Amino acid sequence: MVKLELSRYLFSTSSLDTNVSSNIKLWDKLFQGGKCLNNMDMVMKLGAESPVVIFSKSTCCISHSIETLIRGFGANPLVYELDKLSNGKQMEKALVELLGCKSSVPAVFIGEEFVGGSNEIMSLNVRGKLKNLLLKANAIWI
């Protein structure tokens, strides 16, 4: 029953995400061995998919700036734009809980670990530690 309701939700025509293949990928990640992951587990699983994962919104200029900063080092982050995902609202709630503040984006995972939001990323960059973190995660090589 849960799978059926969730499939209706993920593939609804009212979804902002018109890319069915991305919904199918999310569907596969939601269910592992027939067990439905809760929102926090799903965020953590998605955050471990790539050396750098950014949860963002397409309209958030801070998210765009953080993505640009990380790309400036030569990394190619996997970006999930929550406002374009059918289950983005639920993921956003989990990120608010994870970040412990009002704003859910950007939320950055580096090397399969949650690093934080824009303040943490900017602080790491100012202290010269962001590049080393990206190197350690094999997100960049030089």
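Strand E3 (52–56) is covered on both faces, with Val-52, Ile-54 and Ser-56 buried on one side and Val-53 and Phe-55 buried on the other. Buried denotes under 20% relative accessible area, exposed over 50%, and partly exposed in between (1.4 Å probe, protein chains only). In a regular strand the side chains alternate between the two faces of the sheet. Because five of the five residues of E3 are buried, the strand is largely enclosed by the rest of the structure. The model is predicted: local features need pLDDT of at least 70 and side-chain atom pairs pLDDT 80 or more, whereas totals for chains, interfaces and linings use all residues. Residues are numbered from 1 along each chain as its sequence is written, and side-chain values use heavy atoms, without hydrogens and water.

Helices (H or I, at least four residues) and strands (E, at least two) are DSSP runs, numbered from the N terminus. Two strands are paired if DSSP finds at least two bridges between them. E3 pairs with E5 in the antiparallel sense over four bridges, and Val-53 has Phe-109 as its bridge partner in E5. E3 and strand E4 (residues 78–81) run parallel and are joined by four bridges; in E4, Val-53 is partnered by Leu-78.

The buried residues of helix H5 are Gly-88, Met-91, Glu-92, Ala-94 and Leu-95. They lie on the same side of H5, because they cover an arc of only 165° around the axis, taken from the directions from the helix axis to the C-beta atoms. Lys-89, Lys-93 and Glu-97 are exposed on the other side of H5. After H5 comes Gly-100, with a positive phi near 70°.

Key. Contact = heavy atoms within 4.5 Å.
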